[in-house]
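Here is a short note for someone opening this entry for the first time. Please read the points beside the sequence and the 3D view.

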Amino acid sequence: ISVMSQVNTPQRAKYWQDLGADIITLYSIDVTRDFPLLRAIRKKVHCELQLIANNGCLLNCPFTQYHGVIVSHASQSTHKKQGFEFYYCMLNCRLFRLTDPVNFLRSDWIRPEDIRYYEEVGINRIKLTERVSTTELISKVVKAYTERRYDGNLADIIPSLSQRTLVRKKKRKVLIN
């Protein structure tokens with residue numbers, strides 16, 4: 001079950017499991033740091049539970065659904081936008097973070113070193129984001145989470161926290177600083 005299904009309660013997890021779900025990606029922006037809730041969800045279901053580790057979305061982000069819709073439309077090559085995505089959501093996220101820097105810390109990222117705590121509460125899988133980065137960056141992210149440690153700047157492996165986000169669409173590039 002996709003993160004877009006907003007599974008953030010034991011009841012929602014049970015609903016999807018009863019419909020046949022084998023793996024549920026929990027709604028990271030609500031649940032990532034709520035260990036009592038993660039335990040309650042685990043207690044309610046036996047299917048596999050997954051969290052996104054390097055998303056970096058704002059806690060309880062008001063733009064999540066809108067952002068998902070924009071991305072899905074932009075990914076359709078036959079859509080009138082022809083793959084163009086205006087970064088309204090990302091720009092607002094950056095504004096919130098710069099206006100109140102505590103929002104960097106509240107984001108839904110998980111340090112590679114902390115994966116074990118999630119396993120202890122019953123999370124079976126960790127999902128990593130960033131399909132449009134370079135192979136080099138994706139390799140760095142996978143290495144950090146596989147080795148369960150990263151000695152550099154955490155923002156380097158969490159795309160939405162990094163200083164630069166590079167998106168390649170067809171032959172053009174859009175760079176947001």
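**Notes on the fold and selected contacts**

1. From the N terminus on, the elements of the protein run α-β-α-α-β-α-α-α-α-β-α-β-β. That gives eight helices and five strands. Both are DSSP runs, numbered from the N terminus: helices are H or I with at least four residues, strands are E with at least two.

2. A word on the source. This is a predicted model, in which local features need pLDDT of at least 70 and side-chain atom pairs count only at pLDDT 80 or more, while totals for chains, interfaces and linings use all residues. Residues are numbered from 1 along each chain as its sequence is written, and side-chain values use heavy atoms, with hydrogens and water left out.

3. Of the 177 residues of the protein, 41% count as buried. Buried means under 20% relative accessible area, exposed over 50%, and partly exposed in between (1.4 Å probe, protein chains only). The accessible surface comes to about 10500 Å², and 54% of this belongs to carbon and sulfur atoms. Areas come from the Shrake-Rupley method with a 1.4 Å probe; for residues, only the protein chains shown count as cover.

4. Take contacts in the protein between residues at least 6 apart in sequence: 66% of them join residues at least 24 apart. Contact means heavy atoms within 4.5 Å.

5. A search of the whole structure finds three aromatic pairs. Rings of Phe, Tyr and Trp (its six-membered ring) pair if their centres lie within 6.5 Å; planes under 30 degrees apart are stacked, over 60 edge-to-face, the rest tilted. Tyr 15 and Trp 16 are edge-to-face, because their planes stand at 80 degrees, with ring centres 5.4 Å apart. Phe 35 and Tyr 118 form a tilted pair, 4.9 Å centre to centre with 40 degrees between the planes. This pair links distant parts of the chain: Phe 35 is in helix α3 (residues 35–44) and Tyr 118 in helix α7 (residues 115–120), 83 residues apart. Tyr 118 is buried at 4% relative accessibility. Phe 35, at 23%, is partly exposed.

6. Where does Gln 65 lie? Its place is helix α4 (residues 64–74). Gln 65 is partly exposed, at 34% relative accessibility. Not counting residues up to four places away in sequence, Gln 65 touches Met 4, Gln 6 and Tyr 27. Ser 5 is 60 residues from Gln 65 in sequence, yet their C-alpha atoms are 9.8 Å apart in space.
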